[in-house]
2 protein chains.
Amino acid sequence: MNLLVTGATGFVGQHFVAELIRRRHRVTVLVRSEDRAQEMNWRGDVRIICGDLSLEDSFDWGLIRSPHTLVHLAWPGLSDFRDLAHFEVHAGSAYRFIRRVVDHGCKRVLVAGTCLEYGMREGSMNESMPASPELPYALGKDFLRRSLELLRKTTPFDFLWARLFYMYGNGQNPRSVLSQLDAAINRGESVFNMSGGEQLRDYLPVEDVARYLAVLTETPAHVGIVNICSGNPVSVRRLVEQHIEERQATIRLNLGHYPYPDYEPFAFWGDNRILKSLEKSL
Amino acid sequence: MNLLVTGATGFVGQHFVAELIRRRHRVTVLVRSEDRAQEMNWRGDVRIICGDLSLEDSFDWGLIRSPHTLVHLAWPGLSDFRDLAHFEVHAGSAYRFIRRVVDHGCKRVLVAGTCLEYGMREGSMNESMPASPELPYALGKDFLRRSLELLRKTTPFDFLWARLFYMYGNGQNPRSVLSQLDAAINRGESVFNMSGGEQLRDYLPVEDVARYLAVLTETPAHVGIVNICSGNPVSVRRLVEQHIEERQATIRLNLGHYPYPDYEPFAFWGDNRILKSLEKSL
């Protein structure tokens with residue numbers, strides 16, 4: 001299959017492109033930084049276009065040709081979910097870019113959404129629940145999804161919305177809890193300061209997320225929202241303890257040092273039944 | 001009270017400004033057309049600023065001063081609820097304008113929403129139901145409301161969202177059913193072609209809508225969504241028959257000539273309990 005991927009050098013993207021190559025797809029990536037793309041181990045296996053999708057004509061649109069599927073993972077400003085730019089700027093930029101690719105003849109679009117679209121609700125989230133975005137980042141994503149749903153009514157295309165839950169692995173945000181834990185271990189510290197750690201989340205290794213996204217990309221008929229998640233709630237404390245064990249490190253947890261974040265529900269995880277049924281059907 | 005009103009020469013706006021003048025408020029209107037403003041019978045009682053709010057600097061922002069309350073009724077393209085421009089263009093324009101007025105020091109904002117935000121749901125709509133916009137117009141309005149809710153978290157202001165249901169009266173859209181009925185009567189026609197007429201809607205005379213909006217404007221503490229509606233479902237057939245009676249006209253209804261619109265629920269009306277409690281509290 002002939003795919004165009006944005007966000008290819010990001011945390012999920014770098015693993016996702018590697019997975020696509022393993023599955024022998026023909027991949028074009030649109031990247032802002034050529035240097036960053038040259039750091040990727042798949043650099044020789046893909047076609048690279050350099051450009052900024054938020055700028056009208058920062059690259060030659062003729063190079064895009066007409067991909068069978070666009071996988072849009074790019075999204076700026078992930079270090080601050082509360083920045084108003086998520087809905088003031090980024091959502092519109094993403095929409096205009098995707099619309100233009102669709103106008104170029106692309107018939108299938110997969111976009112990365114976020115579990116934060118569900119809002120401040122506790123428990124197991126399933127795809128039929130109404131979104132209730134209460135963070136600027138979540139509103140930007142939700143508005144993009146709703147906009148594309150309406151665009152489809154005038155310009156038909158297959159549309160998959162992958163709601164990503166939490167993940168960990170190589171390339172993760174240095175501010176994430178496991179990155180900070182790794183840094184503390186590497187510095188030889190004896191104590192790791194963290195929150196109470198009782199909050200429940202849904203985590204997947206990033207390689208699994210990449211594989212699930214590839215499965216979605218290959219599913220011929222399915223259209224709609226799909227949670228990308230494990231289906232299993234885990235406490236952040238347990239996650240951290242497992243990581244310490246895997247690294248065979250010794251570091252003491254100072255639980256309760258930081259307050260819990262106030263912008264996320266305390267205990268929520270994903271219902272993965274749709275994801276599992278799609279995986280089986282292939 | 002010192003108010004800034006947009007959409008003042010529109011269907012609701014012209015009645016609303018008249019009501020504000022009756023209630024002795026000091027009113028500034030921002031209008032695109034000076035000529036249109038000069039047709040209004042309140043032209044001598046308000047301060048008129050000419051400009052297009054969707055263009056960054058089409059008027060002198062110094063003239064806006066710092067209104068106590070902004071009442072934002074303006075919205076383009078109401079002749080086609082399915083035009084993608086509602087969410088691609090108009091929502092963002094409205095947001096940027098309102099944000100700028102708030103940045104100028106305005107502490108209270110009332111915006112006109114629409115009952116179509118509730119989506120394809122039948123029955124009585126109350127304000128605590130989650131919005132589910134399925135029309136470009138409804139998505140534009142819903143996104144504007146959610147964006148302003150998040151803006152409030154960084155720049156506090158009182159925020160009222162008036163969900164307008166259906167209305168009739170002087171100045172209404174010439175494509176509305178009662179306008180077309182009037183035109184047919186005025187042309188002396190013997191038959192009026194319409195839909196089956198069994199669909200249930202919630203209608204108010206536009207003067208009542210204007211008065212309710214003035215009540216909201218004056219309610220000191222309330223913040224949130226308020227349905228502007230009668231609370232009483234009425235069939236379109238009954239509405240048309242009543243209008244024929246009031247005009248003492250004789251014209252036969254050709255029911256079922258047109259199909260029912262597919263973009264609206266068949267039977268929905270508003271819960272007006274919040275509106276009524278606010279009216280009583282004044």
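Mentor: Start with contact, which means heavy atoms within 4.5 Å. The model is predicted, so local features need pLDDT of at least 70 and side-chain atom pairs count only at pLDDT 80 or more, while totals for chains, interfaces and linings use all residues. Residues are numbered from 1 along each chain as its sequence is written, chains are lettered from A and ligands numbered from 1 in the order in which they are written, and side-chain values use heavy atoms, with hydrogens and water left out.

Trainee: What share of the contacts in chain A with a separation of 6 or more comes from residues 24 or more positions apart?

Mentor: Such residues account for 76% of those contacts.

Trainee: How many helices and strands does chain A have?

Mentor: Chain A has eight helices and 15 strands. These are DSSP runs numbered from the N terminus: helices are H or I with at least four residues, strands are E with at least two.

Trainee: Why is chain A called as compact as a globular protein of that length?

Mentor: The globule rule is 2.2 Å times the number of residues to the power 0.38, and the radius of gyration is taken over C-alpha atoms. For 282 residues the rule gives 19 Å, and the radius of gyration of chain A is 19 Å, so the label applies. Along its principal axes, the C-alpha trace spans about 55 × 40 × 40 Å.

Trainee: What makes a residue buried or exposed?

Mentor: Buried means under 20% relative accessible area, exposed over 50%, and partly exposed in between, with a 1.4 Å probe and protein chains only. In chain A, buried residues make up 54% of the 282 residues.

Trainee: Why does B:S179 count as buried?

Mentor: Its relative accessibility is 14%, and the cut-off is under 20%, so B:S179 is buried. B:S179 is found in helix α5 (residues 177–186) of chain B. Leaving out residues up to four places away in sequence, B:S179 touches B:Q172, B:N173 and B:P174.

Trainee: Why is B:R65 called exposed?

Mentor: Its relative accessible area is 55%, and exposed means over 50%, so the label follows. B:R65 lies in the loop between β3 (47–50) and β4 (69–72) of chain B. B:R65 has a positive phi of about 50° although it is not a glycine.

Trainee: What makes B:Q248 exposed?

Mentor: B:Q248 has 73% relative accessibility, which is over the 50% cut-off. B:Q248 also has a positive phi of about 50° and is not a glycine. B:Q248 sits in the loop between α7 (236–246) and β14 (252–254) of chain B.

Trainee: What makes the pair of A:Y166 and A:F268 edge-to-face?

Mentor: Rings of Phe, Tyr and Trp (its six-membered ring) pair if their centres lie within 6.5 Å; planes under 30 degrees apart count as stacked, over 60 as edge-to-face and the rest as tilted. A:Y166 and A:F268 are 6.0 Å apart, centre to centre, with 75° between the planes, so the pair meets the edge-to-face rule. A:Y166 lies in strand β8 (residues 166–168) and A:F268 in strand β15 (residues 268–270) of chain A, so the pair ties together parts 102 residues apart in sequence. Both residues are buried.

Trainee: Why is the pair of B:Y166 and B:Y203 called tilted?

Mentor: Their ring centres are 5.5 Å apart and their planes are at 45°, so the pair is tilted. B:Y166 is in strand β8 (residues 166–168) and B:Y203 in strand β11 (residues 203–205) of chain B, 37 residues apart. B:Y166 is buried at 17% relative accessible area, and B:Y203 counts as buried at 15%.

Trainee: How many aromatic pairs does the structure hold?

Mentor: Over all chains, there are 31. Ring pairs also link A:F87, A:Y95, A:F143, B:F87, B:Y95 and B:F143 into a cluster.
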